[in-house]
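Trainee: I would like to learn how to read a few features of a protein model. Please take them one at a time.

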Amino acid sequence: LLPIFAFSITHSVAQNTDALRKKHFNTKNSLALAGYDVISYFSGKPVKGSADHQFTYNGIIYHFSSPAHFETFKANPAIYEPQFGGWCAYAMGNTGEKVEVDPRTYKIIQSKIYLFYNRYFTNTLKSWNENESNLLPQANKNWNKIYK
């Protein structure tokens, strides 16, 4: 009886985690980064991935441009996911709001991906760079309030 009960609790926690992530992460039909390959950000130029190389991590789907990128992510997905669920880092730090991003506008800070809104003559990465030391800790606080 105990192993079944333990499985039920573990399974229930995983389902709750998936639901929380789907609720708060910036996805379309559970697909992160508009299909961009999260590993490609670390090479300096994000490229689109393919459903041929797809991995679902805690309810969020990621596409990859190669089997090697798929394997890299699969080995340790948590370290590669974009910060703040893939929402605009500037908006998260400035107002605590979930704002859409341009998946090609990003910055790597201490091996973590931060994404930014970049449309209609507004590139929030520029504003972020002017005040990163204040915005980053505030963004972390705001995200922790949202994602709990």
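Mentor: We will go through a strand pair, then ring contacts.

Mentor: This is a predicted model, in which local features need pLDDT of at least 70, side-chain atom pairs count only at pLDDT 80 or more, and totals for chains, interfaces and linings use all residues. Residues are numbered from 1 along each chain as its sequence is written, and side-chain values use heavy atoms, without hydrogens and water.

Trainee: In which sense do strand β3 and strand β4 pair?

Mentor: Strands are DSSP runs of E, at least two residues, and helices are runs of H or I, at least four, numbered from the N terminus. Two strands pair if DSSP finds at least two bridges between them. Here β3 (residues 50–57) and β4 (residues 60–64) are antiparallel, with five bridges. T56 stands opposite I61 in β4. Two residues lie between the strands of this hairpin, and N58 has a positive phi near 45°.

Trainee: Why is the pair of Y62 and F73 tilted?

Mentor: Rings of Phe, Tyr and Trp (its six-membered ring) pair if their centres lie within 6.5 Å; planes under 30 degrees apart are stacked, over 60 edge-to-face, and the rest tilted. The whole structure holds 15 aromatic pairs. For Y62 and F73 the planes are at 45°, so the pair is tilted, with ring centres 4.7 Å apart. Y62 lies in strand β4 and F73 in helix α2 (residues 67–75), 11 residues apart.

Trainee: Are Y62 and F73 buried or exposed?

Mentor: Both are buried (under 20% relative accessible area, 1.4 Å probe, protein chains only). Ring pairs join Y62 and F73 into a cluster with others, including F42 and Y80.

Key: Buried means under 20% relative accessible area, exposed over 50%, partly exposed in between (1.4 Å probe, protein chains only).
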